[in-house]
Amino acid sequence: MTDATAPRNAPAPYIVPHRPWRDLLTGPVASIAFTVIVVVAVGLIWIGPRFLAFGNVGIMGAFLIVPLVVGACAGFALLSGVVDLSIGSMVGFSSALFALLLTLAWNPWAAAAVTLAACLGFGAINAIAIVGFGAEAIAATLGMLVALRGITWVLLGPQGAIFSFHPGLSDLVNQTLFGLPLFFLVAIGFTVIAAIVVARTRFGRHVQAVGGDDKAAARAGIPVKRIRVAALLLSAFGAGLGGIVFTAQLGSAARATGFGLEFQVYAALMIGGYSILRGGVGNPIGGALGLLAVAGVSNILDLKAVSPYYVNIIVGLLLLAAVLLDRMRGGDAYE
Amino acid sequence: MRLQGWGTGLTLLAVWLLLIAATGLYRPDFLSHQTVLAVSFTMSIVGVMAIGQGLVAISGGFLDLSQPAALIASSLVAVRLSEAGLPFAVVILGAVLTGMAWGFANAVIIVGAKLNPVIVTLATNFIGLAALYFAFQLAEVPLGSAIHQFGRAKLFGLPAIWWPMLALVLVVGFLIPRTRYGRRAIAVGGNRMAARARGISLKATRFAIFTAAGGFVGFAGVLFCATSGPFNPSSANALQLNVIAGVILAGISLSGGRGNFWLLLLSVGFLSTIPTALVFFGLSSDTQSIFQGLILISAVAFDGYRARRGTP
Amino acid sequence: MLRISKRVIATMALTVPLAFGVAWSANAAEKFKLGMAVGGNTCCDWMKAQGDVARALAEKNGWDYIELSNNNDPAIALKNARIFAQEGVNAMIQFNGQPASNPAISQAMNAAKIPVVTYDIADPGMYFVGIDNLAAGVAGGEQLGKVIKEKWACNPDLVVSAEGAAAGIVNEWRTGGMRTGLKKICPDIPAEKWVSFESQGDAAVGLPAARDLLAAHPDAKKMAVVGLNDGGVLSLINAAEQLGRADEVIGWGQDGAFITGDNVNPHLAGSVFYFLEGYAVYAIRDVIAPIAAGNIPPLKAAADNPASRVEPCPVSAEQAKAVPAMAERVAKLLEAPAGTTAYSLFCPNK
C-alpha cells in the first residue's frame, strides 16, 4: 500500500488507504454511505419501488448534474484548506456570459471556451489574493461572491435574464442513456475521476497533505502555493462548467441562477464528510453521496407532495446529524 | 498589535474620506443632511448585527450564519407584541430575549455536541427560515405604534435608531479589552488551549458569547422592523453579506483573538456610503456589489500581506 | 463481524434498489390528475393562496391534485414539471416567477403531451391565464395621473419608479405601463423628472436603495411613485418618511397586497387588484375543466390573446376599504358558485 512517488517524509495520516470498497464502510465516507442507505430505505418504504425507477432517478439526476460537477471541483479547494465561497456567483456569472455569447450567435464551443477562460481569470484573482497575498480564503472569496454577483447582474441587463434557448444544446443535455440523463452519468464519471485523482495520484495526495498541515507539507517539499492555486482554479473551472450546463438545461440565464448555490453545495459536501474550515478531510465520493442524500430527501417530499419548506428543515437536521456522526467516529471536536 | 488595529482604522478612515471627497467634488449636493440620513439609517441595523458577528468571530467561533433567521424571528416577536398593544420597553425586551434564546440554542448544540459553529449556524439558519415560513408570510408593525414612530424619529439630526447602535459599539468596544469577560473571549479566540490552561472555561465562554451575540441580533430586529415596513421571512437574507464584510473590513479576525470593535463604525459606515455615492455618480445599484466585492478582496489581500510581513 | 454486517448492508443497498427499479412499471391513474406548481411562498401570502384555492377547486371537481413549489428557482421549476410528467398528471398549472426556465419546461411538457397553464407570464407553448400586465400597469398609471393632475396640475418634482428587475418582462410591463398611463394623463412631465431605483419588489429589501435615491434628489418634494408592486412602492414611501420628506408623496401600487386591512400607509393612494389568489377559477373554468371533459381548447398563449383573461381592478385607497383581506376573500371565493371570479365578487370599481 505504499507508493514510491509519495514524498518520503509526507505526514502519514493524510495518505488514503487504497481500498475503496472497504472505505465505503469504515473509511471517511461511511457516515454518509449509511445516511444515503437510510434515505433510500425511507424512500422505498414510504414511496414504494417507483422511488428508484429510472424515470425518477433521472429527474433527480438531471437536477444534480450542476451540483455534482461544482461540488467535485470545489471539493479540491476544501481539501487543500481554502474554502471557495464564490462558486454560486461563479455559476451565475458563467451561465450569464455563456447565454450572452449564445445570443450573439457565437458557436457554442467557442462560447464555452471563452466562458471557462473568464471563470479561470476570476479564479486566478482568488488565488492571487489568497495564495499570493495571504488573504483569509473565506473573506476573499466572499468578496468575489459579491463582486461576481454585481458583474452578472450588469451582464443580464434591466430584464434580469437572457433567453438563449438553443434546441441543439437542450437536446444534448437532455440525452438519455439506459433511461438516465447522459450528463448525469457523465457527472458521476467526473466524480469518480475526481475520487481517483484524490486517492491515487500524487496531486491528490499533495492536495490532502497541504490541507491537513501546510507547514508539514512544505517541509516535506510539497509546493504548497502551487497546489492551492491549482485547487482554486479547479474550483472556478467546475463552477464555470456548472453555469454552462445550467444555461443549456434551462435555455436561459437569470438572476436566480446559482444564487445561494454555495450554501446548498457546501451543506451537502459537509453532510458528505468535507469540512469547510479544515483541509485534508473528505473525498469526492462522499461529497456526491451528500448531494444524493439531500436530493433523495427532497424527492421523497416532492413525490409525497409535502410542503417543500420541510426540505430545508430536514437538510438542516441532516447536516447536524452528519457532522455529529462524523465527530463520534473520531472527527474533530470543537471546543 | 494595538498599533496594527489603528492602522486599519486610519486606512479605513482615509478611504472613506476619499470616497466622500470624490463624490462631493463630482456632485456637491452629496454633502447634505439627506445623505447623512440615508447612510446612517443603513448603518444602524448592519452595525448592531456586526457587533454580534464580531463577538462570535473574536472568540474563535468564526461566523454566525444564522443571523438572518434570528433577526426575522426577533422582528416577528416585536411585531406581535406591538400588535398586542404592549409598551415599547416590553417589545424591545421580547425581541432581545428572542435573539438571546436563539443564540443560547445555537450554543447548546455547539457546546453540547462539540460541533463547529459555522456548520451549526448554517443548519439552524436553514431550519429557522423554513420554520418561519410556516409561522408567517408577511408581518408589519402597526402604523402609528411606538416602534413605528421610533423608526422614523430623529435625535440631534440623526435617526433615532442610529444612536443605540453608536452607544452599543462604543460600549462593547470599550469593555471587550478592559473587562475580564472581554479578555477571556479574546483569549479563547486567540488560543483556546492556552486559555483553558489558564483556567478559563471554554463552555461558559461559548454560552456567554453566543447568547450575547443573539441578544444583539434581537435588538437589531427591533431596529429592522421599526423601519422596514412589511417584511417576510427572507427579507433579512440580503443583510448577511454586508454584516460579514463589515466585520472583516474592521479587521476583526475571523479566526479569532484580534480586533477592535470601534472600527466597526468606520467599516460599516464606509460600506453603507458606497451605494449612496454610486447613485450620485449615476451608476445603477447593480454596480454597487462589484465595488463592495472588489474592496473586500483588496482589503483582505492587503491585510494578509501585512500580517505575513509582520510575522518573521 | 461488524465489518461483515456492514458489507451485507452495502450489498443490499446496491442491489435491492436496482431490482426494484427494473421491476417497477407505471400504473395508470383512473381519476383526472391536476398538478399545480406554486411560485414559492418566499415573498407573499398570495403564492400560498394560489395553491390553496386550486386544491379546493380540484377537490370539488373530484380530481386528484398534487402541489409542488417552484421556490422561486428556475431549476426547481423545471424539476417540478418533470415530476408532474412522471406522476402522470393530465394537466399542469404553474406560476413561475422565474420565467427563464419556461422554454425548457414548455419543451419537456410538450414532449410528454401535458397541457400547461401558466399564470401572468406568457410562454408560446402554454395556455396563458392572467392579467394583461401591461394593461394593468397602464390602468394604475392613469389613476395616479388623475390624482397628480388634480393635486399638482401635472407638475410633480419627481416621478419615481420602483423597479424589480428580477421579475424580468413583468417589471417592464407593470412599471413601464404605469409610466405610460401616467403620461397619457400628464404628457408634459419633462424627461429628467423620471427616475428609477431597484426595489427588488420587497418593501424591506428595497428600503436602502430608496433612501439613496431620495438623497440624490434632495430638493424633490412632490413625488409620484409607481412600481412593480405595492411592496416596491412602499419601500420608497417608508424611505421618504424616514428622511422626513413624505408629506407630499403619492404612491400607486400594483397587485393590491398592502391596500387592504388596518395597516394601509396613508401615502399609498391606490393600487391595482389582480386578486391573484383566485386565478385557479379562471384556469379551471376555461382550460382545465374542458380538458378533463375531453374538449381540449385551442392553445392561446399570448398575453393579448389569452386562454382566460383576468381583469385588472384599479382602486383608490378609499375604495379598497370595502375589499376584504386575502384570507376572507379566499373563504368567500370558495363558497361562491363554480366559475365565479374574485373580480366579480370583490372589485368595487367594475
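This is a predicted model: local features need pLDDT of at least 70, side-chain atom pairs count only at pLDDT 80 or more; totals for chains, interfaces and linings use all residues.

User: What order do the six strands of the open sheet in chain C have?

Analyst: The order is 7-6-8-9-10-14, with mixed pairing. Strands are DSSP runs of E, at least two residues, and helices are runs of H or I, at least four, numbered from the N terminus. Two strands pair if DSSP finds at least two bridges between them.

User: Which are the edge strands of chain C?

Analyst: Strand 7 (194-198) and strand 14 (313-316) of chain C, each pairing on one side only. From one strand to the next, the twist averages 20°.

User: In which sense do strand 9 and strand 10 of chain C pair?

Analyst: In the parallel sense, over two bridges, with strand 9 at residues 249-252 and strand 10 at residues 268-273 of chain C. Opposite C:W252 stands C:G270 in strand 10 of chain C.

User: OK, helices now. At what angle do the axes of helix 7 and helix 8 of chain C cross?

Analyst: Roughly 60°, and the axes of helix 7 and helix 8 (residues 230-242) of chain C come within 8 Å. Axes are lines fitted to C-alpha atoms, for helices over the stretch in contact, and angles run from 0 to 180 degrees between N-to-C directions. That angle makes helix 7 of chain C oblique to helix 8 of chain C; under 35 degrees counts as roughly parallel, over 145 as roughly antiparallel, 65 to 115 as roughly perpendicular and the rest as oblique.

User: And how confident is the model in chain A?

Analyst: Chain A averages a pLDDT of 86, and 90% of the residues score at least 70. pLDDT is the predictor's confidence in each residue, from 0 to 100. Over residues 1-17 of chain A, pLDDT stays under 50.

User: How many residues does the contact take from chain A and chain B?

Analyst: 38 residues from chain A and 43 residues from chain B; two residues are in contact if their C-beta atoms, placed from the backbone, lie within 7 Å. Helix 6 of chain A gives the largest share of the chain A side, 13 residues.

How values were computed:
Residues are numbered from 1 along each chain as its sequence is written. Chains are lettered from A and ligands numbered from 1 in the order in which they are written.
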